[in-house]
Amino acid sequence: MSLSTKISIVFGAIAVCLVSMLVVINLYAFRSFSINASTEHIRTAAEIVRVHLTEAMINGVIDKRESFLTRLMEVQGLSSARVIRGPQVVKQFGPGLGGRETAFDTIEESVLQNGQPQYEVIESDEGTTFRGTIPFVATARGTPNCLQCHEVPEGAVLGAVTMSMSVDNLKFQAVITVFAIVGIVMVFSSLAFFVIRRMIRPVTATAQNVEEAVQRALRGDFKAVVRKTTNDELGQIATDMNRLLVFLDAGLTRIGKNVAHLTNRTTSSDDNLLEATIDMVDGLTRAAHFKQAIEEDETKSEIHHRLAEVMREEFQLQEYSLYEIIQNKNQMVPVYVDGEAEGACRWCDPQIMVRSEACRARRTGHTVDGISNPGICYAFKAGDHNNERVHVCLPIMQSGAVGNVLQLVARPEDEEDLRSKIPLINVYLRETAPVLETKRLMDSLRESSLRDPMTGLNNRRFLEEYVETLVANSQRNQMGLTVMMLDLDHFKMVNDTYGHDAGDAVLKSLAKVLRQAVRASDMVIRYGGEEFMIILVNTVGDPADQVAEKIRASVEAMETHVGATTLRKTISIGVADFPSDSDTFWQAVKFADVALYQAKESGRNRVVRFVSDMWQNKKEY
């Protein structure tokens, strides 16, 4: 319902109520006035009758009272007049006039008994009549004295006079007056209504324009114009509203373009500008919170897990694959497949895991859109679902190279929904890329600090950081460890004779022999200079001695070519077990070093196992 209609209804209701109240009040006032006027009229006429009857009795012409009453009817308005005698007067002077003065009705009888006048309005087919019955009360006051003639006590009712008069004329005048008042009020009400409608019309017009502009703004259209109809406050409201709409349209358009540029999302003219902008800003905010979270994660695996959660919870994707590229091995490793950590390759040819160039996104570094170009990637293999799935592969760039690949899979009927999500997914990937790169560099830096750059073996620092985990696993699984300390025999002579390059070549050859001689679960460490350490896991006693002897023989057979020279070297090995030889790991290392010293002293190129007697003479070492 419009404001103008509401005002019209309210004003009409007020006018109707006002007119009704005026009619009721005026009718009540005229009725009261008519009754009061008729009452005074009848009382005055009754007093005249009383005075005339008194004078007639004194003058002895009481028998003339009927002619007097007849003449009294000529007074305008009076329609009847009748005198009745009270019981005490009847007793003293008789009924008079043939008993007509003693025949009275119930009202007259009540007046004769209580001495109180009574009045009533009588409605009949002939009109409206006002009747009054006025008593004559005996009193000794005044002249003549009533008690001089009547033998009655003070206050006795001598009789009464009943008169009636027509009030039709008064009633007609009241109705005419009421209609005149109502007509005047209605005329002024109509004029007031017209003036108010005229004054309220700009308000309603401005309100309707503002409402239309707001409704269009809620639909994302801020180009509405509020028409200015007056130069007062309403006109100022229209002007300010138009300025606000222009400001919002320009601001939201600029924000939308900037956000669309950040998200690579395009908006159509049918989109709600406000909702689209809010949606894009909310997406960027969530992406910023995501970046803050992954920046505080410790490892790449935690970042991969959080990214998988975003795909599942934020974008409601159930079928996807996240791969990590192993740069130095030319391999791709599935990190998450359909929400499962380290799941089996499902949506691609497994060949990409051993030859990453088979992945088009990995090879080109560009987005592979299988929705727009079905069959573009030959590595996409969805098994039985091949004809029921489409895919988009998004590379995650790190330092100019592809570090990860995110593969999104959807049913053909869901491809538009997937396409609409890709711009924001790219935002998440863009935020993820530098953090993953930072973590990779930190891992590389940490790896370089724990690895000998020349031989590629772990260094002593690595052992110091890993030893607690190593000992804890050994104790928990009740596995023994064998510690070997190895040292090349007469290595200084190589450096002095052939130079440090030849020495480095010998160390590299030795590192290769040592790695090949033990299992992947065993540890080979360059302990310092030409000294190495090997830790055999769950191998102690004779088996460990056999491994040590194998290593000694392999080193003895090792040939290192330096220019035209072929170098041959031997190695001395000291062996100790943990925890059988020592309760602490580092003490076992010391024991193995003692055994190595004994091997050196006893002629080199041999394996010596630690025995307790060696520790008895430790001061000699």
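Tutor: Accessible areas here come from the Shrake-Rupley method with a 1.4 Å probe. The model is predicted.

Student: Which residues form a nonpolar patch on the surface, and what is their accessible area together?

Tutor: The patch has four members to name. They are Ile184, Val187, Phe188 and Leu191. Leucine 191 lies in helix α5, residues 168-218. Together the patch residues have an accessible area of about 420 Å².

Student: How are the rings of phenylalanine 315 and tyrosine 428 arranged?

Tutor: A search of the whole structure finds eight aromatic pairs. In the pair of phenylalanine 315 and tyrosine 428, the ring centres are 5.5 Å apart and the planes meet at 85°. Planes over 60 degrees apart count as edge-to-face. The 85° angle therefore makes this pair edge-to-face.

Student: How far apart in sequence are the parts that this pair of phenylalanine 315 and tyrosine 428 ties together?

Tutor: Locate each residue. Phenylalanine 315 is in the loop between α8 (300-314) and β5 (320-326). Tyrosine 428 is in helix α10, residues 415-449. So the pair ties together parts whose separation in sequence is 113 residues.

Student: Is phenylalanine 315 buried or exposed?

Tutor: Buried means under 20% relative accessible area. Phenylalanine 315 has 4% relative accessibility, so the residue counts as buried.

Student: Which residues form one aromatic cluster with Phe315?

Tutor: Tyr428 is one of them. That tyrosine is buried, at a relative accessible area of 2%. The cluster members besides Phe315 are Tyr428 and Phe290.

Student: Which are the edge strands of the open sheet of six strands?

Tutor: The sheet has antiparallel pairing and the order β7-β6-β5-β10-β9-β8. An edge strand pairs on one side only. That picks out β7 (340-341) and β8 (368-369).

Student: Which residue in β6 is the bridge partner of isoleucine 325?

Tutor: Start with the strands. β5 and β6 (residues 331-337) run antiparallel, and six bridges join them. Isoleucine 325 has its bridge partner in β6: methionine 332.

Student: Among contacts in the protein chain between residues at least 6 apart in sequence, what share joins residues at least 24 apart?

Tutor: The protein chain has 16 helices and 18 strands. Of its 621 residues, 40% count as buried. Among the contacts you specify, the share joining residues at least 24 apart is 61%.

How values were computed:
Residues numbered from 1 in each chain as written. Predicted model: local features only at pLDDT ≥ 70, side-chain atom pairs only at ≥ 80, totals over all residues. Heavy atoms only, no water. Patch = residues over 30% accessible without salt bridge, like charges linked within 9 Å, V, L, I, M, F, W, Y side chains within 5 Å. Salt bridge = Lys/Arg side-chain N within 4 Å of Asp/Glu carboxyl O. Helix = DSSP H or I, 4+ residues; strand = E, 2+ residues; numbered from the N terminus. Phe/Tyr/Trp six-rings, centres within 6.5 Å; stacked < 30°, edge-to-face > 60°. Buried < 20%, exposed > 50% of the residue type's maximum accessible area, 1.4 Å probe, protein only. Pairing = 2+ DSSP bridges. Contact = heavy atoms within 4.5 Å.
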